[in-house]
Amino acid sequence: MSHDDGPRMFQDQLAEKVRPFIDLVDDMRSIGIDKELPLPTIVVVGDQSSGKSSVLETLSGVALPRGTGIVTRCPLLLQLCNDRTVKWEAVISYGGKFNEFDDPSEVVRYVEQAQNALAGKGVGICEDLITLKITSSTVCDLSLIDLPGITRVAVKGQPDDIGAQIKNLISKFIKNKRTIILVVVPCNVDIATTEALKMAQEVDPEGTRTLAILTKPDLIDPGAEKNVLEIVHNKVIILNMGYVIVKCRGQKQIDENMSITHAIEEELEFFRNHEHFRSLLHEEKATTKCLANKLSNALVKHIKKSLPKMSKKIKEQLGEVKHLLSQIESGPPLEPAEKRKYLIQVITDFNDQITQLSKGDIIVEENLFELMRKEFTEWMECLKNAKSHYHEVVQQVVDEYDQKHRGSELPGFTNYRVFQHVVQKLVAELKNPAMMTLQKIRDMVQKQFNHLSRESFKNYPYLHQVSKKKIETIQENQSTIVKERIVEQFQMEMQVYTQDEIFNKHIPKEGETAAGSDKDTRSKYPGLLKAYYEIVVQRLADQVPMLIRYFILKQSAKIVCSEMLDLLHRDDTDNILQEDSEIGQYRAKLLAQADRLILANDKISSL
Ligand code: GDP
Ligand code: MG
């Protein structure tokens, strides 16, 4: 390529070969996978006022905020896209906000506004990235990051460690093995001792990704040209990518509003007429155009090298996203008839679970039947424990009765009522433990029903709410029924009744009774009362658990199922299947991510 090509021609030629790669890079960044996937970018580093923004400005044709002191206070990603059909368009985005504009003279204002928003007004710095994407027929395809300039002393209003902060920030960007470091150094300083160059050498000792740009050749001390030439010829600090010398607009030319196009022409004139640097034009080591060309080539080379790795990373990520998608349910179909079928399926599945649970065919959290058995065993224990108390009381009553009535009546006389009363009183004491057993079992069952509801309807909060409410109401009703039955049972127990045949089986055989004459039936009372109590215990030991199991588990499972099926008669399927918005959003996010990854992968394979 001849150096006399105009700027337009240079860009046209480049656009073709660089464009697809730059697009890819920008795509990756915009889909947010550059966090896992470091992408080649060009980072501009240098001392304050070394000319970084000036270089960027000439490369981009965009006037950036410039001046003395700290002007660049946040990393600025400058995405340049060549598009011959577009005059000039820009989008600036930061912290979730974005603005579009089409007046190049607005750039400064927008960048300053963004910096103030991120880093506050004043002289502080911030690590958050501002992205400025410029599409125009007059830019070449490059993505560059402008960083705050290195400074040694803090000025008023800056934290004392501002120098360290900036160096930290720069390190973060240049450490990345896939970034190309553009070190900007003015010709009129001691190039070899430049901090930026040192930092670059630390992370890239071979200089394979460091390109040095020497600025301000017009301000060089007469006589120092030779030293500069030695540097540019890679004889002092050896960088694999080498050096380029450029001349940008000086403060005076800026003040005079010299256009960038004009400045580029002037730059070329400057080198053509320069006694020492003229030769550099032919060596392709001078002018901004040459710099742009080098950069684009370097970028393409860099990206090409990382394509296989990128492709692998993308495939890995895609696999991961697909796995995550497979873990969350696919969600209801959109078509109404299908959606109804889906609802039927969801409810049927839930009903199956409830039914199986009620039969002891599945285990939810803990084995429900085992839990119930434990509770019923406790009930049995409670009945047995009450027995000894009963025996004591009975003995006491018999003794008292003996005391009072000895001798005043004939043997064999019985006061049935006294003993009936004792039985009634003691049996009635068992009602509370029975109620407590009911309450405990009800809690267990309700908890497990709710658990199934939560699991079955985890994506459908409305459905879960409805079923939870139903479960609660049904359990409440069922336990009211059981309570009534228990109350009834205890009222019946007040009759003190059993079939003669059963009672006879329980009466102790002769000789087992307490000592005493056959005629004195009173001595037999304790034995008879104990026998009756055994019958009561047997009756209640089974009756209470059977009532609870039947009403609280079996029947309530049936009612829950039938009430859930009632939902199918409603015509607001959409409402019933309202998804948890988080799940829906998460799924949508994953689907979009998968699409973008597939697209990125297609792009890579087509390059
Ligand atoms: P930054 O702080 O590194 O971004 O530096 P700037 O790009 O803001 O430049 C600092 C000053 O140097 C500005 O006044 C520029 O006009 C001036 N400058 C930059 N490049 C050149 C150049 O090649 N020649 C001259 N004479 N001045 C330049
Ligand atoms: Mg700057």
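**Nonpolar cores and aromatic contacts in the predicted model**

The largest nonpolar core comprises 66 residues, of which Phe350, Met372, Phe449, Leu463, Val482, Ile486 and Ile548 have the most contacts inside it. A nonpolar core is here a set of buried Ala, Val, Leu, Ile, Met, Phe, Trp, Tyr and Cys residues joined through side-chain atoms within 4.5 Å; buried denotes under 20% relative accessible area, exposed over 50%, and partly exposed the range in between (1.4 Å probe, protein chains only). Two or more residues of this core are given by each of helices H11 (336-359), H12 (368-405), H13 (416-428), H14 (431-456), H15 (461-493) and H17 (525-566). Helices (H or I, at least four residues) and strands (E, at least two) are DSSP runs numbered from the N terminus. H17 supplies the largest share of the core, 18 residues. Apart from this core lies another, of 59 residues, including Tyr94, Leu142, Met310 and Ile314. Isoleucine 486 touches Lys431, Ala434, Met435, Leu438 and Leu547 (contact: heavy atoms within 4.5 Å), residues up to four places away in sequence not being counted.

The structure is a predicted model, in which local features need pLDDT of at least 70 and side-chain atom pairs count only at pLDDT 80 or more, while totals for chains, interfaces and linings use all residues. Residues are numbered from 1 along each chain as its sequence is written, chains are lettered from A and ligands numbered from 1 in the order in which they are written, and side-chain values use heavy atoms, with hydrogens and water left out.

A search of the whole structure returned seven aromatic pairs. Rings of Phe, Tyr and Trp (its six-membered ring) pair if their centres lie within 6.5 Å; planes under 30 degrees apart count as stacked, over 60 as edge-to-face and the rest as tilted. Tyrosine 342 and tyrosine 460 form an edge-to-face pair, with 6.3 Å between centres and 75 degrees between planes. Because tyrosine 342 belongs to helix H11 and tyrosine 460 to the loop between H14 and H15, the pair ties together parts 118 residues apart in sequence. Tyrosine 342 is buried at 17% relative accessible area, and tyrosine 460 is buried at 1%. The rings of tyrosine 550 and phenylalanine 551 have centres 5.0 Å apart and planes at 80 degrees, and are therefore edge-to-face. Tyrosine 550 is partly exposed, at 43% relative accessibility, whereas phenylalanine 551 is buried, at 7%.

Trp88, Phe101 and Tyr110 make up one aromatic cluster. Arginine 109 lies over the face of tyrosine 110, 4.9 Å from the ring centre.

How values were computed:
Lys NZ or Arg CZ within 6 Å of the ring centre and 35° of its normal.
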